[in-house]
Structure formats: structure tokens, C-alpha cells
Amino acid sequence: MCGILGLIQNHDFSISSSQFEKINMLNFHRGPDVQNTLSLNLSNYKVNLGHTRLSIQDLSEKANQPMKSYTGKYIISFNGEIYNHLALRKLLESKNFNQWNTNSDTETLLNLFEFYSFSEVLNIIEGMFSFILIDLNEKKIFFARDSAGEKPLYLCFNKLFICASSDLNAIKNIPGFKKNINKSVLSEYLKYNYIPSPYTIFENTFKLPPASYIELDLKLYKFKEFK
């Protein structure tokens, strides 16, 4: 289990890198071994990406996240496990790719995007996962979740920022987050003793449904949702 966190800040909103690091640490219970963040400017937006790691595969520092692909085009914050990653490594090696730095499934997944489209990658990987992927060249950000929904991913949209996290607690501690209760789901909670997907207890905050991903084009600041 690891924790992932992504924040896209609008022009009228800004938090410092140190503030983001503190918010990322709220996912510490998901990844007590290593906690890392990075900040970058992408299409005039400030983008923060964080990761809290529970080290299981490849315990070396090289396997820490956020991680860049071998060309530097892609950056990922990944939670989960790709079961067939060794077979997928052989697939990449059949394309004369052999620039491996780690033995981690994160690196396998990340470099698949160098050779295949986003949807093609999702069709060939097997596992449980949620992740945030940044395409630096196309200035796009992808949010994805596995077919069974084993790994959580919460998303918040408002006029100040867009945020994605493994844990709702990290999102609700972002300055400017409005903790308005989503009254329309209270009856569902009282009926089932939980809140059905894709809703959460807060307004404008959702669970990404299983077997789905969202593509955010920062050049247009426009979403495309796929299933």
C-alpha cells in the first residue's frame, strides 16, 4: 500500500511546496518508508505531485516516487501492483528497450507509456492500482483506477484547484477546501452505513469509479472522461 497525491493549482490559488509536503505527509499511514514530492509549472499551472511509499518491490532509492520515464516525458505517482510486469518487461525488451534502472513494477508501467497509448496500456496491464500520470510534452494529466476498484482514488474539483489523493483526509486539509456536507447522500449513508460510489460526504469531491480514468488537458483546462 502506498499513497498518491496530486494538486493542480489555478491562477488565483497558490500553496507553497512546504505546505504541499505537509499535506502529503497526511498519507504517511499508507507509505511510512519514503515520502517525496515535486513541483513543476505546466502550461501556466503549478502542479504538485506527491508519494508516500511502502517499499515492497525493489527497496532501493531508485525505485522511489514520483518517478520519471527514461526519456523524462512522463512522471508517475503509483499505488498498487502490476502482476504481469515481468512479462511486460519482456514485451518492452522485444522493442529493443533495455534501459532499466530498477526492478520495480512502477518503472515497467511508466515506460509502457513511451511505446503505447494510455488506453492501450490499461488494456495490457493486470493488477490493482491507482495512479496519477503527467505527460510533460502534451501537458496532460491522467487519473486512473483498476478494474475492481481495489485501490482508492478521490478527486476534488473547485474553482481554486483540482486534487487527487488516495485518502480523503489529505484533500480536506488543503487550504481553500470547503467542507460542505453533500446532503443529497446522507440518506444513502443512513440506509447502507456507507456512501455509495462515486460520491463522498463532501460536495465537489468524488471517488473515481473502478475501471475508469480521467484525462485533463491543461492546454485547454478541459476534462475528458473515459470508461
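Student: Is Cys 163 buried or exposed?

Tutor: Cys 163 is buried, with a relative accessible area of 1%. Buried here means under 20% relative accessible area, exposed means over 50%, and partly exposed lies in between (1.4 Å probe, protein chains only). Please note that this is a predicted model, in which local features need pLDDT of at least 70 and side-chain atom pairs count only at pLDDT 80 or more, while totals for chains, interfaces and linings use all residues. Residues are numbered from 1 along each chain as its sequence is written, and side-chain values use heavy atoms, with hydrogens and water left out.

Student: How many disulfides does a search of the whole structure find?

Tutor: The search finds zero disulfides, a disulfide being a pair of cysteine sulfur atoms within 2.5 Å. Cys 2 is in no disulfide, and the nearest cysteine sulfur, that of Cys 163, is 17 Å away. For Cys 163, also in no disulfide, the nearest cysteine sulfur is that of Cys 156, 6.8 Å away.

Student: And Cys 2, buried or exposed?

Tutor: Cys 2 counts as buried, at 9% relative accessibility.

Student: Changing topic, how many helices and strands does the chain have?

Tutor: There are six helices and 12 strands in the chain. Helices (H or I, at least four residues) and strands (E, at least two) are DSSP runs, numbered from the N terminus.

Student: Why is the chain called as compact as a globular protein of that length?

Tutor: Its radius of gyration is 17 Å, close to the 17 Å that the globule rule gives for 227 residues, so the chain is as compact as a globular protein of that length. The radius is taken over C-alpha atoms, and the rule is 2.2 Å times the number of residues to the power 0.38. Along the principal axes, the C-alpha atoms fill a box of roughly 55 × 40 × 35 Å. Buried residues make up 50% of the 227 residues.

Student: Which residues of the largest nonpolar core touch the most other members?

Tutor: They are Ile 76, Leu 109, Phe 113, Phe 118, Ile 125, Phe 131 and Leu 133, in a core of 23 residues. A nonpolar core is a set of buried Ala, Val, Leu, Ile, Met, Phe, Trp, Tyr and Cys residues joined through side-chain atoms within 4.5 Å.

Student: Which elements each supply at least two residues of this core?

Tutor: These are β5 (74-82), α2 (85-93), α3 (105-112), α4 (118-124), β6 (127-135) and β7 (140-145). The largest share, four residues, comes from β5. A second, separate core has 21 residues, among them Ile 4, Leu 40, Tyr 45 and Ile 214.

Student: What is Phe 113 in contact with, leaving aside its neighbours within four places in sequence?

Tutor: Phe 113 is in contact with Tyr 74, Phe 118, Val 121, Phe 131 and Leu 133; contact means heavy atoms within 4.5 Å.

Student: Where does Tyr 74 lie?

Tutor: Tyr 74 lies in strand β5 and is buried, with a relative accessible area of 8%. Not counting residues up to four places away in sequence, Tyr 74 touches Met 67, Lys 68, Ser 69, Leu 110, Phe 113, Glu 114, Leu 133, Ile 134 and Asp 135. The C-alpha atoms of Tyr 74 and Glu 114 are 8.0 Å apart in space, although the two residues are 40 residues apart in sequence.

Student: Which residues of α2 are buried?

Tutor: The buried residues of α2 are His 85, Leu 88, Arg 89 and Leu 92. They cover an arc of only 110° around the axis, which puts them on the same side of α2. The arc is that of the directions from the helix axis to the C-beta atoms. These buried residues pack against β5, α3 and α4.

Student: What does the face of α2 turned away from its buried side carry?

Tutor: That face carries the exposed residues Leu 86, Ala 87 and Lys 90.

Student: And which are the buried residues of helix α1?

Tutor: In α1 (residues 17-24), they are Phe 20, Ile 23 and Asn 24. Seen down the axis, the buried residues of α1 fall within an arc of 100°, so they line one face of the helix. They pack against β1 (3-9), β2 (34-42), β3 (45-53) and α5 (168-172).

Student: Where is Asn 27?

Tutor: Asn 27 lies in the loop between α1 and β2 and counts as buried, at 0% relative accessibility. Not counting residues up to four places away in sequence, Asn 27 touches Gly 3, Ile 4, Leu 5, Thr 52, Ser 165, Asp 167 and Ala 170.
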